[in-house]
Amino acid sequence: MANKLISEMGLPKSIGHIFAARNIITAKDALSLTEFELMELLDVGLTQVTLAVALISEIASPPYQTLWF
């Protein structure tokens with residue numbers, strides 16, 4: 001799931017284009033950086049970065065499974 005493309009995640013186009021322009025293509029690329037690093041690299045505010053990271057994390061994470069005994 002880490003290799004899932006950000007362009008296919010349904011981010012708002014404005015922020016999606018910024019990720020692409022800065023060569024942050026996959027979920028792994030985005031989630032490997034801190035929110036502060038993303039703010040500096042993308043030149044956007046903390047709110048936009050936080051929302052984008054939350055959406056990327058939600059989509060890239062595998063679904064949870066419960067274990068029944």
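Start by colouring the chain by confidence: this is a predicted model, and the mean pLDDT of the protein chain is 90, with 99% of its residues at 70 or more. Among the helices, select α1 (residues 13–21), where confidence is lowest at a mean of 92, and then α3 (residues 35–42), where it is highest at 95.

**The whole chain**

Now zoom out and switch to a cartoon view. You will find 4 helices and 0 strands, running α-α-α-α from the N terminus on. The C-alpha trace spans about 50 × 20 × 20 Å along its principal axes. Of the 69 residues, 25% count as buried. Contacts between residues 24 or more positions apart make up 45% of those with a separation of 6 or more.

Next, select residues 6–59. An unreviewed UniProt entry annotates this stretch as "domain: XRCC3/RAD51 homolog 2 helix-hairpin-helix". Over these residues the chain is 67% helix and 0% strand, and the end C-alpha atoms lie 10 Å apart.

**The nonpolar core**

Show side chains for I6, L11, F19, I24, L38 and I56. These are the residues with the most contacts inside the largest nonpolar core, which has 16 residues. Helices α1, α2 (27–31), α3 and α4 each give two or more residues to this core, and the largest share, 5 residues, comes from α4. As a general background, nonpolar side chains tend to be buried together in soluble globular proteins.

Click on I6 first. Leaving aside neighbours within four places in sequence, I6 is in contact with L11, F19, I24, I25, T26, A27, A30 and I56.

**The loop between α1 and α2**

Move on to I24, which sits in the loop between α1 and α2. Is I24 buried or exposed? Its relative accessibility is 5%, so I24 counts as buried. Not counting residues up to four places away in sequence, I24 touches I6, F19, D29, A30, L33, L38, L41 and L42. For a distance check, pick I24 and E58: they are 34 residues apart in sequence, and their C-alpha atoms are 17 Å apart in space.

Stay in the loop between α1 and α2 and select T26. T26 is buried too, with a relative accessible area of 14%. Beyond its neighbours within four places in sequence, T26 is in contact with A2, N3, K4, L5 and I6.

**Along helix α4**

Select residues 46–60, which form helix α4. At 1.5 Å a residue, the 15 residues of α4 should span 21 Å, and this agrees with the 21 Å between its end C-alpha atoms.

Which residues of α4 are buried? They are V49, A52, V53, I56 and A60. Turn the view to look down the axis of α4: the buried residues fall within an arc of 100°, so they line one face of the helix. What covers them includes α1, α2 and α3. Now look at the other side of α4, where T47, L51 and E58 are exposed.

Finish your tour at A54, also in helix α4. With a relative accessibility of 44%, A54 counts as partly exposed.

Methods: Residues numbered from 1 in each chain as written. Predicted model: local features only at pLDDT ≥ 70, side-chain atom pairs only at ≥ 80, totals over all residues. Heavy atoms only, no water. Buried < 20%, exposed > 50% of the residue type's maximum accessible area, 1.4 Å probe, protein only. pLDDT = per-residue confidence, 0-100. Core = buried A, V, L, I, M, F, W, Y, C linked by side-chain atoms within 4.5 Å. Contact = heavy atoms within 4.5 Å. Expected span 1.5 Å × (residues − 1). Arc of directions from axis to C-beta. UniProt positions renumbered as here; feature names shortened; annotations may be inferred.
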